[in-house]
Amino acid sequence: MLKLLISLGSSVIVFFLLNCYVGWHFLMMIDGWGVAPSLLWYWLIYGLLAFSFFLVSLPPSWLLRRHAAYSALVYVSSLYLGIFAIALPLLALADLLGWGAGLAPLPAGLTAFGSAVYANGGLAFGIALLCTLYGFYRARRIALTEYDVVINKAAPALPQARIVMISDLHLGNAAQAPQLDTMVRRVKELRPDLFLLGGDVFDHGTTPALTAHAAAALGSIKATYGSYYVVGNHEHYLGPADPLANTGMRRLFDETVEIAGSLYLVGAKDDSFRDRLRTEQLVAPLDRSKPVILLAHQPSGIAENEMAGVDLQLSGHTHRGQIFPGTLLVRLFHRRHYGYYRCRRLQLIVSSGAGTWGFPLRIGSQNEMVLIRLEARPPR
C-alpha cells in the first residue's frame, strides 16, 4: 500500500509540474497578445482545467445523475488534455533548441523551428488544438483491421473460419447508440462464423438506456457458430450484473466451449479477478490436437499460455495508448500492446479497441473491429 501511495503521489506531482510548465507558456503567449489576466484567477481556472482529468477518470456517480453536465465535463477535460499532450513535447523541444543554441551553433533549420514555435506565441498551441479537434473526429470513426492466421492443426469440420472480435467499446464515452448501431451493421455484413466480445463493452459512463440498447443490438448478431464474450476489468468494477445475460450470447467465465467439434474457444476471467484460474487449468481437459483459441481481455501471461498449449490468443485492453504520447508510453506497461505477434507456437492479436476510455479522443491510434480469417492446416 505504501508503494502504491508513493507511486500515485509521485505521478500527481509530476503531472502538476508539467501542467505548470505548459500553463506558464500559455500565459506568456496571451501576454504577448497584450492580454494581462489576474494571475490568481488565471492559475485557478487553469488548475481546474488541468485536474478535471481526475474527475472524469473516476466513476463520479453524483455527476452521472446529470448526464449532460458529465458529458460537458468530459469534452472540456478532453479538449484540455489533447492540447496539453501535443503542446508539451513541442514546447519542450523548442526550449531545448533555445538552450542548445546558447551553448553551440545549431543548424539553421532547427533554430528556425524553435523560433517558429514561439512566433506570436501560438504555433505549438495552434497545432495542438487542430490535432485535438481531429482526435475528436477519429474517436467516432471505426476501421476494420484484418488478419490471416494459420494454425498447424486439423479441424476437419471447420478448416476455415471468419472470426470478428470487438473489444473495449466503453459505451457512453465516444461510442453512443449511433456508433454502436453502425458497428453492429458492419459486423452483420461480414457474416462471421464466430462473433467475440473481448471485454469492457460497458463502463461507468454507460447509462441504463444505452445498456438496454446495446444488449438488444449486440444480441441481434447471429454468427454461424455463436457469439461469445468475456468480462473486462471495467465491467468487473461495475459489479456482478451481466447486461448481456439474456441476449443469446454466451459469457465465458473461465470456461471452454467446443466449436463444431473442431476447435476450442477458451474464455478467461480478467486479471482483476483474484479467483481466476490459470490457463493450464482451463485447457488441461482439452484435446490439444485441435486448435485452442483463448479469448482474454488483457494481453498478459503469454509465456504461460504458450506453454499450456494455446494456439491463438485474442486480447484488447491497451487501446494502443489511445492518445499521444500514451501511444509511446503504453510499451512500458505492455510489451505486446497492439497488432500481431508470434510467440513460439502461440499467435497473439491485440486490438486497439472499438471505443475510447475516459476521453473521446484518438490521437495516434484508431478505433477498430478485427476480422480474423482462420485456417486450420495440419503440417505435412
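Pro178 and Glu189 are exposed on one side of helix α7, where exposed denotes over 50% relative accessible area, buried under 20%, and partly exposed the range in between (1.4 Å probe, protein chains only). Helices (H or I, at least four residues) and strands (E, at least two) are DSSP runs numbered from the N terminus. The model is predicted, so that local features need pLDDT of at least 70 and side-chain atom pairs count only at pLDDT 80 or more, whereas totals for chains, interfaces and linings use all residues. Residues are numbered from 1 along each chain as its sequence is written, and side-chain values use heavy atoms, with hydrogens and water left out.

On the other side of α7 from Pro178 and Glu189, the buried residues of the helix are Gln179, Leu180, Met183, Val184, Val187 and Leu190. Seen down the axis of α7, these buried residues fall within an arc of 135°, and they therefore line one face of the helix; the arc is that of the directions from the helix axis to the C-beta atoms. The cover over the buried residues of α7 includes β1 (143-151), β2 (160-166), β3 (194-197), α8 (208-219) and β12 (368-376).

The expected span of a helix is 1.5 Å times one less than its number of residues. Just after α7, arginine 191 adopts a positive phi of about 50°.

Helix α8 has 12 residues and reaches 16 Å from its first C-alpha to its last, close to the expected 16 Å. Leu210, Thr211, Ala214, Ala215, Ala217, Leu218 and Gly219 are buried in α8, and the buried residues of this helix pack against α7 and β3.

Aspartate 311 lies in the loop between α11 (302-308) and β9 (312-315) and is buried, with a relative accessible area of 9%. Beyond its neighbours within four places in sequence, aspartate 311 is in contact (heavy atoms within 4.5 Å) with Ile151, Lys153, Lys290, Pro291, Val292, Arg345, Leu346 and Gln347. Isoleucine 151 is 160 residues from aspartate 311 in sequence, yet the two are 6.9 Å apart in space, C-alpha to C-alpha. The side chain of aspartate 311 also makes a polar contact with the side chain of lysine 153 (2.9 Å). A polar contact is a pair of N or O atoms within 3.5 Å; within protein, one must be able to donate a hydrogen and the other to accept it, and residues adjacent in sequence count only if both atoms are side-chain atoms.
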